[in-house]
Amino acid sequence: MALSLYNTLTRHSDPFTPIEDALVRLYTCGPTVYNFAHIGNLRTYVFEDILKRVLRASGLAVRHVMNVTDVGHLTSDADAGEDKMALGAAREGKSVWEIADFYWQAFRADMQRLNLQEPDVWCKATDHIPEQIALIRTLEEKGFTYVADDGVYFDTSKLSDYGKLARQDLKALKAGARVEMSQSKRNPPDFALWKFSPKDKQRLMEWPSPWGVGFPGWHIECSAMAVKYLGERVDIHCGGIDHIPVHHTNEIAQAEAALGHQWVNWWLHGEFLVMAKDESGAGGKMSKSSGGFLTIATLVEKGYDPLAYRYFCLNAHYRQQLAFSWEGLDAAAHAFAHLKKTALELRKGYTGREKPLAAAMEEFLTACQDDLNMPRALASAWTMLRTPASPGELYATLLAMDEVLGLGIAAMQEESVGLSEAEIQQYIAARQAARKAKDFDQADAIRKELVAKGIVLEDGPAGTIWRKA
Ligand code: AMP
Ligand code: ZN
């Protein structure tokens, strides 16, 4: 079995080999901590978690570094707009430091609920200002920077292969088609390494630097911290696809200009989660303004197990766009509940001495190693559960597969409500039938009977779901 991964840099899947035998240096761009992560953001982190687990299941050790963007990330990619941290602080009447800490902890809680393994190193941008300044100095010494009115910029015209990741047409960019041209820039794709604080105003977060008081540009933190914690050569760097044209393109430019050699061998990007279009045609981008800003807390409030969302993500390949709908999540939640029930049944026959079924494991891992083909891996898990083997062997195999799936098989418990999932579903179906027959008294009686048993039903756009009272 050989692991192959799709590399955005080469635009094809290649057999993966780390620079150093059996140790993978992995950097993933982390959250900007001015608000909760939405489930779109979290889809990208689920994909990165699967990557990490597949690397480990392939016999490789992983050193994983993730940053926390707690400063200098402006509302627009083009170095313009307001600081998101300051906006969060103003919105909630807290200090920027409180905002950063609160939303970082909230992010870690989401990670835990989705069974995402924490990185080996967390690094905050605000804890690494000297490293970022040192990197900018190196770039300055090598002649890649210029100082403008509002900051220090990276001169993209000095780097012959600028834009190689996104394969951007620089001539088109020069015509101003894609990137806003600010007064201070020499070339449209140039980007800020250091921004000066406004002369008449003290910013909430600012630091002295050799060029003046200000704050780092958005991209420099990742290059500086990746080099600090992973060294000058990185095996894999990940993020969502939106990072290809600007953030990762600029990370490559500044790191490779400073280091003088290729920096990252593999770039992996997760496709977006979008809102499925409804009858009115609404949907699309996941953002606050479109009403599609869904968080893990929203799912929990509606009675979903966060791991049902993880299951939902595993049903799509990470390089395919995934449309979110409540119907789709319901289907995933049902399949996940069925898996849970099966696992609990099988566990009764498990002694702890059974070995995973070799052929099933091979099929499963082959799918995982084929550029993380999790829909195929999940299907192979279901096929395995139907093979003629002892419950103990099936359970042992499911446990081994769960090292990658991360669905929490070992920790699953019987619901303490005293009814099985199937029994609850029978009640729900009987109530549906009563409502359809306009026998509302009977429907209400069924609902009350469930309440007495500690179960609350909720009717949503995608049908009825239950939760413990
Ligand atoms: P941010 O906190 O905005 O830097 O985003 C965190 C991560 O989520 C980045 O890797 C983004 O590329 C990714 N991301 C943003 N929106 C989506 C989305 N709708 N679906 C999947 N990933 C996303
Ligand atoms: Zn980054």
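The model is predicted. The C-alpha centres of domain 1 and domain 3 are 49 Å apart. In the domain assignment of the protein chain, domain 1 covers 4-270, domain 2 covers 273-405 and domain 3 covers 421-468.

**Ligand site**

Ligand 1 is surrounded by 14 residues, the closest being Gly40, Thr44, Gly240, Asp242 and Leu273. Helix H1 gives the most to this shell, with 4 residues. Both H1 and strand E10 (234-240) supply at least two residues of the shell each.

| Residue | Protein atom | Ligand 1 atom | Distance |
|---|---|---|---|
| Thr32 | backbone N or O | oxygen | 3.2 Å |
| Thr44 | side-chain N or O | nitrogen | 2.7 Å |
| Gly240 | backbone N or O | oxygen | 3.1 Å |

On its own, ligand 1 has 490 Å² of accessible area, and the protein covers 89% of this area.

**Salt bridges**

Side chains of opposite charge can pair when their charged atoms come close. A search of the whole structure finds 20 salt bridges. One of them joins the side chains of Asp49 and Arg310, with an N to O distance of 2.9 Å. Asp49 belongs to helix H1 (residues 39-57) and Arg310 to helix H9 (residues 306-314), so this pair ties together parts that are 261 residues apart in sequence. Asp49 is buried, at 4% relative accessible area, and Arg310 is buried as well, at 0%. The two residues are also part of a network of salt bridges that links Asp49, Arg53 and Arg310.

Leu314 lies in helix H9 and is buried, with a relative accessible area of 2%. The C-alpha atoms of Leu314 and Ile50 are separated by 8.9 Å, although the two residues are 264 residues apart along the chain.

A second salt bridge is that of Arg186 with Asp155, where the closest N and O atoms are 3.8 Å apart. This pair links distant parts of the chain: Arg186 sits in the loop between helix H5 (170-174) and strand E8 (191-196), and Asp155 in the loop between strand E7 (151-154) and H5, 31 residues apart. Asp155 is buried, with 3% relative accessible area.

The salt bridge between Asp444 and Lys448 has its closest N and O atoms 3.4 Å apart. Both residues lie in helix H15 (residues 440-452), and their spacing of 4 residues is about one turn of the helix. Asp444 is partly exposed, with a relative accessible area of 29%.

The side chains of Glu256 and Lys164 are joined by a polar contact of 2.7 Å. Glu256 counts as buried, at 11% relative accessibility.

**Cysteines**

How many disulfides does a search of the whole structure find? The search finds 0. Cys123 is in no disulfide, and the nearest cysteine sulfur, that of Cys222, is 8.0 Å away. Cys123 counts as buried at 1% relative accessibility, and Cys222 counts as buried at 2%.

**Backbone angles**

Arg11 has a phi of about 65° and is placed in the loop between strand E1 (4-7) and strand E2 (12-15). Arg11 is partly exposed, with a relative accessible area of 28%. For Asn115 the phi is about 60°, and this residue is found in the loop between helix H3 (96-113) and strand E5 (121-124). Asn115 is partly exposed, with a relative accessible area of 25%.

Note on methods: Residues are numbered from 1 along each chain as its sequence is written. Chains are lettered from A and ligands numbered from 1 in the order in which they are written. This is a predicted model: local features need pLDDT of at least 70, side-chain atom pairs count only at pLDDT 80 or more; totals for chains, interfaces and linings use all residues. Side-chain values use heavy atoms; hydrogens and water are left out. A disulfide is a pair of cysteine sulfur atoms within 2.5 Å. Buried means under 20% relative accessible area, exposed over 50%, partly exposed in between (1.4 Å probe, protein chains only). Domain bounds come from an automatic or database domain assignment. A salt bridge is a side-chain nitrogen of Lys or Arg within 4 Å of a carboxyl oxygen of Asp or Glu. A residue is near a molecule or strand if one of its heavy atoms lies within 4 Å of it. A polar contact is a pair of N or O atoms within 3.5 Å; within protein, one must be able to donate a hydrogen and the other to accept it, and residues adjacent in sequence count only if both atoms are side-chain atoms. Accessible areas come from the Shrake-Rupley method with a 1.4 Å probe; for residues, only the protein chains shown count as cover.
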